[in-house]
Amino acid sequence: MTERSGSPFGYAMLAIFGALVAAFLLLPLVILCIQSFTAESFLSFPPPSYGTRWYRHVAAAANWREAALSSLVIAAIVTPLSLVLGTLAALGLDRGPMRGRGVLYGILISPMILPHIVLGLGIFRIALDLHIDDSLLSIVPAHLTITVPFVVISVGASLQSFDTGLEKAAQSLGASPLRALWHITLPIIRPGLVGGGIFAFIMSFDEFIITYFLSVQTRTLPLEIFSTLRYQVSPAIAAVSALTIAFSAALTVALMMRGQVISAGRIVR
Amino acid sequence: MTANPKGGRYRAWGLIVPTGVLYAVTFGIPMAMLLSASFARFEAGRTTPGFFLDNYTRIASDGVTLQVFWNTVTLSAQITAVGLVVAFPVAMLMRRAGPGMRLALMFVLVSPLLTSIIVRNVAWMLILGRSGLINTWLMDWGLISSPLALMYNRLGVIIAVVHVYLPFAVLPIYAALRAIDPARENAAASLGAPPWRVFVHITLPLAMPGVVAAFTLLFILSMGVYLTPVILGGNFVVTLPMMITDVARNQYNWPFASAMSVLLLASIVVVVALASALNRAFSPPRND
Amino acid sequence: MSAVDLEAVVKRYGRVEAVAGVDLSVESGEFVTLLGPSGCGKTTTLQMIAGFVIPTSGQVRIGGRDCTRLAPHRRNVGMVFQNYALFPHMTLQDNVAFGLRMRGVPRAERDRRVGEALALVRLSDYADRYPGQISGGQQQRVALARALVIRPDVLLLDEPFGALDKHLRDRMRVDLRELQKQLGISLVFVTHDQEEALSMSDRIAVMEGGLIRQIGTPGDIYERPANRFVAEFMGESNILTARILSTSGSEAEADAGGMPLRLNGSGARGDAVTVMIRPEKIMLGRAGAAGAGGIPGRVAALQYFGSSVHYRIALDCGPELTVIRPEADPVSRLAVGDGVEVAIPPGIPFVIDD
Ligand SMILES: Nc1ncnc2c1ncn2[C@@H]1O[C@H](COP(=O)(O)OP(=O)(O)OP(=O)(O)O)[C@@H](O)[C@H]1O
Ligand SMILES: [Mg+2]
């Protein structure tokens, strides 16, 4: 490909704009993290004095601990399930006939463009009828509906660049189709699996509106933040938020090291 | 393709069945129930199933719902417009940047996606609020005497939603830009087009599929936002999803909430149809 | 006046010297080809004429005007890209009209000139089609019309036939050469295909490692290569080291590993020189056949090419030679192991730089 030789002035303008946008995207989170270390009982920037007071408060508070625990439990159940369901579906699409593939793919990812509010309303209805509202029995399937499309997209993209000749080669060497899948295909599409898994985890961990409809007793972290926000933005919220940021940042950096964030980025294309 | 008999290939679809069952229970059946509920009658806390148009006539005539719907549409249009205007130069930069810079930009774009929406909203509250960062600083420097209203209005909601959804706008535009052979732009330059005309006549038209995709994603996502207007809009920016939640959760009026959901879905279908029409208009004819 | 002048032009990318100092003049109406292996700097040189690459040092003049740092859109240069780079969202008509629109040519004149340009490349009937609706060869011609319609000071083509099949490529060669003569346009053509270069050009500049290794007419380059690189790049050749025995005028007697040669070239007695012999100029006969009377050897290998046969001959005195004979040549019934005699006409061995 020929190099595009645009004007250096234009490039400089773009670079300045890009720096501003990067600041717009990252600075709010950075400021939030700094504020979370305030030693005061109110938030201001920069904090007059620093300390881990609010982290200690959050760690000791039953409501935050329970909320974090239920969010983690739900995400820990939802992530492997969505990986299994999504990978099976992506494989089915990939190995199935060309005909109808586009339509099926569209159906499989359609929950993505459905407003979650509508999804939540519908699931709440059926959960009420089945008497499984405010239970993992309804929350987990609800989260799966949101997370599976991400796995389908991410794994599907990996499968598309996967050379099925490799699987045939393994079979010609005596591997059963299932063993060929396990030993050849899955290791090669691992970036897609990891990317899809991360997104599934984050989506579930972050899910608000459907859980809001379904839950009475169950309090996930977003729900707890939301109900606390009603009264004031307490430094405790900043501390909890900063913890979740640190958590995702650690996850992102770990994957970045292995070059897998880009394949996660592919999801949103 | 493969030597598999045809039946063998169709058998692969069996792998989709588990997801199919899931979607049927969480998505297919509930949507059908929603649609049918939207035609039920709700009177004095009692729901009468049947085929009534009460809810739809109410939407059309109560003067509030249509207003809220219109607010949601204009808000989404504003978010989409701001999002596209911000996203396009970023995508251009990503295209022209070297590999290192591109990776850094990709990281900056993707990493907020990995942070909870509610956390990002909280961050904006701390910046835009009456005693938030911007107002405090502006007052300290004596530039203003009373706090600016940056939050609890559309401005705050637009800023926060763009913050959340910007990556969804940048990535499709970047993908489209990357697909443009730079030789086409060089060709235009060699034919005498200065940089801005190269952009207007070549780059922009060829990037349109990406712009349309970004437009569709932004608009659809914005139509469904609930959390951000609640947190950053207070009760001053009311969207259709907020109204649906209120009617369903606090008034238990399922039929009306369902009808509003159908309205929301219908508007999304319209946007998708518009997008595919735009795409067809922008893709040059070819036969190969 | 020359159409394009490159003076000591250098382009460095970090530590890579893509172009290491090129001097080149393209006369008005001349067809000059830049020929060389991949990575030798052909595209970079062309892009410096077009303005997409700014030289690290040196000067680029177009029509006598210094254009070294001028933006591409301010030069009046036509360019045909390898993949044509047609604008897919515009009709052929609009593609060709683009350059005229940028120049603000009034509507009526624009339409007339676009019509003429499309007629020139025999595409008048396709004016309203889009690039996606025509064949590769037709796209190639649109690209040509689009570059020609602006009446450029010089037309630049970078491997324009690379994407075409062989049949179409041969046809386009003839068409392009005719068009160039008919319009009297100055043209710089880039290719790595020596046949293409030999069959079209007024002059060929053979490049290697960012330098022009030889520049001259196709005949010069092929018959009298200046050095080993050019000799080997321009086709099959025998390159031998010989020792000069005696010199008379521009001819010399020499010995190449026991094989006596009469060289075209001179040198002091006892000098070692590098000698090139084109394989199709070597005479070949069956051993003992009447009229052979040359250096004895035998066929070590042969390859059949349809119109010709390539022999690898091991001479009894040591050296090996490649010999090419037409298929119709009576000696073409030779087989591996057959005894042969080889004769090299005087003046055919040619002294080159190593
Ligand atoms: N933008 C660039 N950055 C770094 N090096 C470059 C750049 N462009 C070209 N080069 C290097 O300069 C040298 C010459 O490249 P150029 O494209 O001019 O070769 P070429 O003769 O056109 O080759 P080909 O026949 O493969 O097209 C190559 O070694 C190439 O790797
Ligand atoms: Mg090249």
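C:S237 sits in the loop between α8 (228–233) and β11 (238–248) of chain C; helices (H or I, at least four residues) and strands (E, at least two) are DSSP runs, numbered from the N terminus. This is a predicted model, where local features need pLDDT of at least 70, side-chain atom pairs count only at pLDDT 80 or more, and totals for chains, interfaces and linings use all residues. Residues are numbered from 1 along each chain as its sequence is written, chains are lettered from A and ligands numbered from 1 in the order in which they are written, and side-chain values use heavy atoms, without hydrogens and water.

**Around C:S237**
- Leaving out residues up to four places away in sequence, C:S237 touches C:A231, C:E232, C:M276, C:I277, C:R278 and C:P279.

**Chain B against chain C: extent**
- In contact (heavy atoms within 4.5 Å) are 21 residues of chain B and 22 of chain C.
- The buried area (accessible area, 1.4 Å probe, lost on being put together, summed over both parts) is about 2,100 Å², with 67% from carbon and sulfur atoms.
- B:S190, B:L191 and B:P285 supply 30% of the area that chain B buries against chain C, more than any other three residues.

- Zero salt bridges are counted between the two chains (side-chain nitrogen of Lys or Arg within 4 Å of a carboxyl oxygen of Asp or Glu).
- α9 (182–190) and α10 (195–223) of chain B each supply at least two residues of the side that touches chain C.
- The largest share of that side, seven residues, comes from α9(B).

Key:
Buried area is the accessible area (1.4 Å probe) that two parts lose on being put together, summed over both.
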